[in-house]
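Subject: Structure for you to look at

Hello,

Here is the structure I said I would pass on. Please open it alongside the notes below.

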Amino acid sequence: MKKILTLTAFVSILAVGFSQYTMEDRIYDYIDEYKNMAMQEMELYKVPASITLAQAIYASKAGSNRQAMEANNHFGIMCHTNEWKGETFYETDNHSSDYCFRKYATVEESYRDHSLFLSQRSRYVKLFYYPITDYKSWAYGLKEAGYSGNPRYADTLISIIEKYYLMHYDRKVAQKLGDTAALQKVEAPAPKMVTESPKSEPAAKAEPVAEQPKPKSEPVTTTQPVTPPTPSPTPQPKPEPAATPPTVSQPTNATAVPSAAVVDGKNVFILDPYSVPYKQAYYPYTSRPVYENNKTRFIIAKHGDTYKKLAASMQMSEKNLRAYNDVYDESEPIEDEVIYLEMKSTKSAVEYHTLSAGDTYRYIAQKYGIQLKIIIKRNSGAISSYNIGDKICIGCK
């Protein structure tokens with residue numbers, strides 16, 4: 001009897017564990033599984049990977065609806081019988097009307113057909129004039145071109161992209177392609193239409209893709225995607241943080257240190273989140289990219305991050321997170337600032353740092369992933385007593 005009770009308890013624990021697997025978990029797993037496929041399609045057909053993933057997540061409920069599971073159709077693309085000669089899949093809605101969807105042998109075929117669907121139709125040509133990192137313009141453009149009948153389709157895609165940080169994959173591909181214009185931050189134009197929420201709309205119901213009648217002047221499609229020129233984007237300013245520790249005096253001909261933001265005359269260690277020169281690392285409590293500097297894991301702050309919010313999401317105390325980053329005042333992170341998730345190292349393979357204008361001991365500690373107290377201990381006097389070009393000991397003996 002005792003064995004039976006133990007087995008029952010074990011089964012109950014398993015059931016509870018499985019019940020905790022949420023749609024959020026499914027979406028993260030979906031992104032991990034198909035992000036490389038989306039980036040590969042972006043390289044070939046110039047459809048942003050963020051848009052591809054967001055459309056697939058929305059249309060297929062992260063690969064969990066019938067179209068995805070039984071027909072490998074992750075984008076809700078309908079048959080359009082005049083052109084589709086492959087297998088089909090029929091789904092009945094609440095009004096007993098049959099919808100015909102394309103059926104694929106593999107998910108890869110679904111992703112490729114999605115790329116061709118957008119790149120070979122004149123109604124979507126306008127989209128390819130946007131920078132490949134301008135996901136907002138793409139989202140509004142898809143809605144305007146009639147990809148979905150959902151009045152809030154563009155907003156839904158943008159919400160998915162920003163919540164799961166999918167624009168990161170667009171930047172990776174743009175960097176690989178050497179698209180310097182697209183690598184700059186851009187702001188999408190406001191939508192050109194006014195939309196209203198429908199009276200009742202399922203949270204993540206797949207939207208059938210209804211093809212509009214083709215105009216008489218539409219050219220014959222080819223197997224190559226449309227790749228028109230890219231307009232110049234507009235860089236966006238960064239927010240300013242609270243004051244930081246005393247700094248090296250700045251001569252009139254001094255220049256800012258690379259990979260540093262000069263705020264109130266002081267350097268703050270930042271990194272371009274889309275071009276990080278450090279290897280990625282594993283951290284169990286976040287889906288955000290985590291990197292490692294001097295054997296210490298860190299993330300890159302986003303606009304609006306606070307130490308309190310970050311600490312809660314990383315399952316640690318705000319006090320500890322501030323201590324890891326040598327922050328003992330009321331200041332908060334700025335966008336793209338390096339935030340360490342654990343105590344920095346006491347050792348470094350780098351022996352010296354050459355002082356530049358605005359440097360602080362904290363900036364140096366953050367840059368090399370070494371504890372601030374170690375930097376102070378290895379160097380005599382306040383940093384303000386040093387001059388531009390002097391050597392500061394980092395890992396010297």
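A residue is called buried when its relative accessible area is under 20%, exposed when over 50%, and partly exposed in between. By that cut-off, 47% of the 397 residues in the protein chain are buried. Keep in mind that this is a predicted model.

**Overall picture**

The protein chain has 13 helices and nine strands. Take the contacts between residues at least 6 apart in sequence: 65% of them join residues at least 24 apart. The chain exposes about 21,200 Å². Carbon and sulfur atoms supply 53% of that area.

**Salt bridges**

Side chains of opposite charge can pair when their charged atoms come close. Searching the whole structure gave 15 salt bridges.

E70 and R66 form a salt bridge, with 3.2 Å between the closest N and O atoms. Both residues belong to helix α4, which covers residues 66-71. They sit four residues apart, about one turn of the helix.

Next comes a pair between two loops. D305 and R288 meet through their side chains in a salt bridge, 2.9 Å from N to O. D305 lies in the loop between β6 (296-300) and α10 (307-313), and R288 in the loop between β4 (266-269) and β5 (291-293), so the pair ties together parts that are 17 residues apart in sequence. D305 is buried, because its relative accessible area of 13% falls under the 20% cut-off. R288 is buried too, with a relative accessible area of 17%.

R297 counts as partly exposed, at 22% relative accessibility.

Last, the network. Which residues are linked in a network of salt bridges? They are E318, R322 and E332.

Best wishes

Terms used:
Residues are numbered from 1 along each chain as its sequence is written. This is a predicted model: local features need pLDDT of at least 70, side-chain atom pairs count only at pLDDT 80 or more; totals for chains, interfaces and linings use all residues. Side-chain values use heavy atoms; hydrogens and water are left out. Buried means under 20% relative accessible area, exposed over 50%, partly exposed in between (1.4 Å probe, protein chains only). Contact means heavy atoms within 4.5 Å. Accessible areas come from the Shrake-Rupley method with a 1.4 Å probe; for residues, only the protein chains shown count as cover. A salt bridge is a side-chain nitrogen of Lys or Arg within 4 Å of a carboxyl oxygen of Asp or Glu.
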